[in-house]
Amino acid sequence: MLITRRNTLRLGAAAAGSLAMPRLAFGQAGRPSITIAVQKIVNSNTLDVLREQSNVGERVFFGSIWESLIGRNLRGQLEAQPMLATEWKRIDDQTVELKLREGVRFHNGDEMTAEDVAFTFSRERMFGDTEPKNRTTIKAFEAIPTPRAGKELPPEVPAVARRAWPDLARVDIVDKYTVRFVNSTPDVTLEGRLLRYGSDIMSRRGWEDSASYLDWARKPVTTGPYKVERFVPDTELLLVSHDDYWGGLPPLASIRFIEVPEVASRVNGLLSGEYQFACDIPPDLIGEVESNAGFEVQGGTVLNHRLTVFDKNHAQLADPRVRRAMTHAVDRQAIVDSLWAGRTVVPAGLQWPYYDDMFHADWTVPEYNPELAISLLKEAGYKGDTIPYRLLNNYYTNQNATAQILVEMWKSVGLNVQIESKENWAQIMERGETRAIRDWSNSAPFNDPVSSIVNQHGPNGQQQQIGEWTNAEMNELCYFLETSLDRPARRKAFRRMLEICEREDPAYSVLHQNATFTAKSRAITWQASPAFAMDFGPGNFAV
Amino acid sequence: MIPFILTRLLRALITIALVVTFAFVVLRLSGDPATIILGPEAPPEAIEAFRKSWGLDQPVLVQYLQYFAAIFQGDLGMSMRDGRPAFELVVERIPATLALTLPALMLKLALGLPAGVYAALHQGTAFDRSVMVAAVFGFAIPSFVLALGLVLVFAVNLGWLPSGGRDTVWHAVLPIITLGAGGAAALARFTRSAMLEVLGRPYIRTASAKGLLWAVVVRGHALPNAAIPTVTLIGFLVGSLIAGAVVVESVFSWPGVGRLLVVAVANRDLAVVQCILLLVATTMVTSNLIVDFLYGALDPRLRQGARAAA
């Protein structure tokens with residue numbers, strides 16, 4: 001028998017039947033404690049939502065530690081819902097007023113007030129010396145502070161914060177439980193930005209009491225159902241119940257995330273009962289885990305699409321017909337069926353249904369049409385010259401296998417695409433004549449196209465900033481989408497942007513929606529969210 | 001003796017300088033830490049701010065000279081991921097690694113040395129062949145395969161031991177066995193070969209012919225002579241105490257220096273990688289120095305040679 005990951009796990013699964021009952025430790029008030037094995041806890045070694053902007057960070061932050069004024073419904077379809085704010089209304093095109101939930105306690109016992117909300121969006125905590133992008137009519141809210149020794153923000157924090165809130169001018173305290181967010185320009189996405197990753201509320205005293213930024217960032221004082229007890233970077237994160245949680249008593253006494261880099265080790269630990277959850281299960285192992293009656297794999301699509309990205313400056317890709325041919329040569333459903341066991345979907349382009357009225361349900365990715373691809377290549381006069389494809393080694397799930405399938409599909413219509421293996425993102429993005437195709441994924445941090453197509457492919461997005469692609473009409477539309485309040489016109493503009501970026505002058509090609517899978521004992525009742533976040537709030541855990 | 005020590009120390013310093021330079025060149029020329037640490041979706045302005053803050057916008061040569069100058073002032077740099085001194089990060093991981101590698105070294109010595117000696121003294125017997133089969137198996141099998149096999153049997157199937165982590169003393173058992181098995185196998189093969197070579201020498205025949213007991217011949221003549229090549233191998237094993245468990249620490253989720261090295265290399269966290277390399281190089285060089293001195297203690301000819309040279 002070959003010693004493969006699959007065979008190894010099969011042997012383990014066969015013997016694990018008697019261990020299917022999870023070994024839970026029962027702590028305070030009879031509530032259980034659980035251990036969750038993850039590939040990575042966080043990348044930045046901090047628990048700061050502005051420094052750790054990643055999928056793995058989302059998993060440990062939301063539903064456990066951090067909460068925002070407007071929340072996402074993790075047990076629904078991520079629709080906006082009241083969280084730390086109970087209601088909100090527009091004062092004018094540039095201002096949103098929010099009523100704070102009364103009686104919310106931070107992990108240090110303090111009550112959350114407008115003071116904490118204003119401090120969360122202050123220069124000292126968020127913006128540093130950055131200024132609103134279009135600050136022309138409203139004075140910025142405070143003088144640039146001199147950071148206290150040890151409390152200097154890491155340089156990327158103000159940059160990330162300003163990207164999330166490019167035009168926020170100030171946060172006004174109306175009274176103890178009322179705040180106003182004032183933008184320097186009209187913006188229909190203010191409410192969306194309030195629910196995005198990074199707009200989460202922290203205790204001002206928690207910040208003041210910490211000796212340094214790093215001390216705070218490893219034990220932030222927030223309002224979530226669990227508080228940080230211990231964080232050992234690259235090793236473990238222990239959360240304990242926040243018994244004064246405003247939403248009721250959390251169902252678990254403690255949650256321990258431990259870092260187990262090897263997938264076989266995570267599954268083995270699950271089968272032996274050491275872990276109650278094993279995250280980041282690749283699709284090809286779902287069947288193996290579920291072959292044991294005591295275990296199941298939950299999860300599914302998340303707010304993240306996998307893309308193939310084009311560099312239109314490459315000699316072979318300058319003609320949009322070649323890029324269009326590439327988009328039509330890919331049978332996306334075959335990839336979903338063969339590599340993802342059908343457990344994800346081919347989405348309607350770079351958009352998500354939670355965009356609500358901005359979502360174009362009738363839009364589709366370019367149809368799989370090899371004949372059309374061949375014809376487009378012929379029209380473009382493509383002679384079979386090499387098109388390099390810079391590839392990372394499985395940074396994304398199934399990345400290598402997907403790349404090989406893509407290359408074969410392109411080859412079948414006459415495209416000569418050659419994979420060039422690279423070691424890291426810097427090598428992938430490095431400018432040069434060999435940059436033509438690469439992989440990427442795009443998320444939508446809030447429920448508007450500005451959060452994705454504008455932020456990633458617009459004039460300030462990464463693709464244009466690193467010089468891969470640009471389009472004058474697209475750039476005008478981006479500005480319009482960011483500033484217009486006319487919703488029908490915005491919807492129309494977004495449609496036009498999809499046409500440009502995905503059909504006429506392809507910047508990228510959406511392959512499929514990403515998905516994440518978590519294995520657990522069937523004896524545990526728990527509902528996975530349509531996001532990376534793991535929700536262990538009141539009502540979502542039982543044995 | 002002093003020139004001997006000074007020469008060795010100078011050689012050691014040059015080795016360490018070369019290691020640091022090589023690591024700097026390879027790591028810095030194979031990727032921008034800012035893009036790697038902040039990830040593919042980071043806003044360009046965040047990447048720019050990060051690069052500026054850590055001096056990554058300076059020419060590589062300037063960065064190298066600054067780094068080297070700092071080392072001579074005892075400053076090994078700050079971790080770009082962690083924001084803490086790299087030395088502090090590395091030092092706090094050493095106890096975890098030594099908790100595996102020291103017992104594993106004991107296990108290697110306790111199994112490998114007696115097995116090799118006994119097999120040599122009983123050459124061609126069933127025991128000898130069994131030891132050699134086990135040694136070849138232990139030496140050839142990759143540590144991650146052995147590790148997963150042990151987990152499968154003792155953690156998943158039997159449920160006797162934990163599969164990973166570092167919570168109790170029981171968590172260390174499987175990693176230590178994994179680490180110890182490969183080293184013990186190598187040591188057994190090496191010791192057996194050395195013993196066989198010595199046992200075939202004329203002075204062993206002479207000692208036996210003089211009527212000495214076989215046990216005395218082995219203890220007094222064979223073992224000391226066979227020890228020299230074996231000590232060399234033990235020197236290497238001691239030298240790899242700090243970073244000799246990279247794979248095993250990853251498989252068993254053991255938070256030691258090996259895991260830190262993997263993460264730091266992947267993130268191009270230069271200061272941390274170089275701090276670990278400095279430690280590894282220093283340990284290896286020190287271990288080699290000790291081995292050199294032990295040669296003198298074990299072999300009178302080397303002592304006499306050194307005296308004659310002086």
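Modeller: Chain A has a secondary structure of 19 helices and 17 strands, where helices (H or I, at least four residues) and strands (E, at least two) are DSSP runs numbered from the N terminus. The model is predicted: local features need pLDDT of at least 70, side-chain atom pairs count only at pLDDT 80 or more, and totals for chains, interfaces and linings use all residues. Residues are numbered from 1 along each chain as its sequence is written, while chains are lettered from A and ligands numbered from 1 in the order in which they are written.

The C-alpha atoms of chain A fill a box of roughly 70 × 70 × 40 Å along the principal axes. Of the 543 residues in chain A, 55% are buried, that is, have 20 or more other C-beta atoms within 10 Å of their own, with C-beta atoms placed from the backbone (exposed means 12 or fewer, partly exposed in between).

As to the meeting of the chains, 45 residues of chain A are in contact with 41 residues of chain B; contact requires C-beta atoms, placed from the backbone, to lie within 7 Å. Among the elements of chain A that each supply at least two residues to this side are helix H1 (5-15), strand E11 (254-259) and helix H9 (263-271). The largest share, five residues, comes from H9(A). By class, the side of chain A that touches chain B divides into 21 nonpolar, 17 polar and seven charged residues. Here Ala, Val, Leu, Ile, Met, Phe, Trp, Tyr, Cys and Pro count as nonpolar, Asp, Glu, Lys and Arg as charged, and the others, Gly among them, as polar.

H9(A) packs with helix H7 (residues 143-157) of chain B at an angle of about 10°, the axes being 10 Å apart. Axes are lines fitted to C-alpha atoms, for helices over the stretch in contact, and angles run from 0 to 180 degrees between N-to-C directions. From H9(A), the contact is made by A:Ala264, A:Ser265, A:Asn268 and A:Leu271; H7(B) contributes B:Leu148, B:Val151, B:Leu152, B:Ala155 and B:Val156. This helix contact comprises seven nonpolar, two polar and no charged residues.

Notes. Two residues are in contact if their C-beta atoms, placed from the backbone, lie within 7 Å.
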